[in-house]
Amino acid sequence: MNPAQKEEAKKKILSDEVFGPLVDQTFSDADTDKSGYIERSELAEVLKGLHFGLGIPAPTNEDIDKELKRLDTNKDGKVSKTEFRVLVKDLALHCIDAL
């Protein structure tokens with residue numbers, strides 16, 4: 001994929017019609033207790049699944065805590081759907097850049 005195609009792919013994946021449903025579905029899948037938030041244990045499962053799928057070592061407890069701290073902008077100890085959007089965006093862009 002050339003740079004222009006990557007930029008076009010980024011625009012498409014981040015468009016409201018693609019990104020919104022992607023976040024909604026990913027968040028719903030991750031929120032296993034259906035509390036409306038991603039708690040640390042749920043975030044740990046998301047991160048472990050990503051690492052497994054990518055074939056890299058599983059995240060440590062420290063890695064999970066760092067990611068929770070990064071995403072949890074209001075410091076309530078859990079990740080809202082709005083905060084979760086950052087993780088989904090980062091992952092989507094990383095995947096496109098890797099092409």
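Analyst: Lys-6, Ala-9, Lys-10 and Ile-13 in helix H1 meet Ala-92, Leu-93, Ile-96 and Asp-97 in helix H5, where contact means heavy atoms within 4.5 Å. By class, this contact of H1 with H5 has five nonpolar, no polar and three charged residues. Here Ala, Val, Leu, Ile, Met, Phe, Trp, Tyr, Cys and Pro count as nonpolar, Asp, Glu, Lys and Arg as charged, and the others, Gly among them, as polar.

This is a predicted model, in which local features need pLDDT of at least 70 and side-chain atom pairs count only at pLDDT 80 or more, while totals for chains, interfaces and linings use all residues. Residues are numbered from 1 along each chain as its sequence is written, and side-chain values use heavy atoms, with hydrogens and water left out.

Now for the geometry. H1 covers residues 3-13 and H5 covers residues 81-98, and the two pack at an angle of about 160° with their axes 10 Å apart. Helices are DSSP runs of H or I with at least four residues, numbered from the N terminus. Axes are lines fitted to C-alpha atoms, for helices over the stretch in contact, and angles run from 0 to 180 degrees between N-to-C directions. H1 and H5 are therefore roughly antiparallel to each other, a label for angles over 145 degrees.

H1 passes H5 in a right-handed crossing, meaning that the near helix is turned clockwise from the far one by less than a right angle.

How values were computed: Parallel < 35°, antiparallel > 145°, perpendicular 65-115°, else oblique.
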